[in-house]
Amino acid sequence: MASERWPTELRLAKDKRNLRIVFDDGAAFDLPAEYLRVTSPSAEVQGHSPAERKTVPGKRNVEIIGVEPIGNYAVKLIFDDMHDTGIYGWDYLHKLGTEQRERFQAYLDELAAKGLSRER
């Protein structure tokens, strides 16, 4: 399936805690590693249905240690907690960027409701 979005820049920050992505529509996002980790599109995080989706605690200090291209449609991010099963398509990364504030707040709310923490 072809992506509607196409990245013109993809750069991992030197501290490995942010991924900068710029798209051909002019949208640019600095996505924190923690946010990318807890919203991983992997079955481990998303489950196989919305009811199976996991709230992932303890990732405030996670780092991205690898960015591997998957064809011309996505990247696989490898985190220092060894999570590496999420395939981040260009459209998904664009959506994460445009919805970052709302999605991250929802994550914080889920943590609080479940008595979990962003800390390890």
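Biologist: Hi! How much of this protein is buried?
Modeller: Of its 120 residues, 38% count as buried. Keep in mind that we are looking at a predicted model.

Biologist: What is the secondary structure made of?
Modeller: There are 4 helices and 6 strands. Along the sequence they follow the pattern β-β-β-α-α-β-β-β-α-α. The radius of gyration is 14 Å, close to the 14 Å that the globule rule gives for 120 residues, so the protein is as compact as a globular protein of that length.

Biologist: What box would hold the C-alpha atoms?
Modeller: One of roughly 40 × 30 × 25 Å, taken along the principal axes.

Biologist: Now the inside. Which residues have the most contacts within the largest nonpolar core?
Modeller: Those are Leu36, Leu77, Tyr88 and Leu93, in a core of 25 residues. Several elements each supply at least two residues of this core: strand 2 (18-23), strand 3 (28-32), helix 1 (33-38), strand 5 (74-79), helix 3 (90-98) and helix 4 (100-113).

Biologist: Let's follow Tyr88. What is Tyr88 in contact with, beyond its neighbours within four places in sequence?
Modeller: Its contacts include Leu36, Leu77 and Leu93, which are the other residues named for having the most contacts inside the core. Tyr88 also contacts Arg37, Ser40, Pro41, Tyr73, Ala74, Val75, Phe79 and Leu96.

Biologist: I also spotted Phe23. Where is Phe23 found, and is Phe23 buried or exposed?
Modeller: Phe23 is found in strand 2. Its relative accessible area is 2%, and because the cut-off for buried is under 20%, Phe23 counts as buried.

Biologist: Which residues does Phe23 touch?
Modeller: Leaving out residues up to four places away in sequence, Phe23 touches Arg5, Trp6, Pro7, Thr8, Phe29, Trp90, Leu93 and His94.

Biologist: Switching to loops. Where is Ser42, and is Ser42 buried or exposed?
Modeller: Ser42 is in the loop between helix 1 and helix 2 (43-46). Ser42 is buried, with a relative accessible area of 3%. Not counting residues up to four places away in sequence, Ser42 touches Gly47, His83, Thr85 and Gly86.

Biologist: Which phi angle does Lys16 have?
Modeller: A positive one, about 65°, although Lys16 is not a glycine. Most residues other than glycine have a negative phi. Lys16 is found in the loop between strand 1 (7-12) and strand 2, and is partly exposed at 34% relative accessible area.

Biologist: What about Met82: which phi there?
Modeller: Met82 has a positive phi as well, of about 75°, and is not a glycine. Met82 is found in the loop between strand 5 and strand 6 (87-89). At 55% relative accessibility, Met82 counts as exposed.

Biologist: Last topic, charges. How many positive and negative side chains are there?
Modeller: There are 18 positive and 20 negative side chains, and the centres of the two sets lie 3 Å apart.

Note on methods: Residues numbered from 1 in each chain as written. Predicted model: local features only at pLDDT ≥ 70, side-chain atom pairs only at ≥ 80, totals over all residues. Heavy atoms only, no water. Rg over C-alpha atoms; globule rule 2.2 N^0.38 Å. Buried < 20%, exposed > 50% of the residue type's maximum accessible area, 1.4 Å probe, protein only. Lys, Arg positive; Asp, Glu negative; His and termini not counted. Charge placed at Lys NZ, Arg CZ, Asp CG, Glu CD. Core = buried A, V, L, I, M, F, W, Y, C linked by side-chain atoms within 4.5 Å. Contact = heavy atoms within 4.5 Å.
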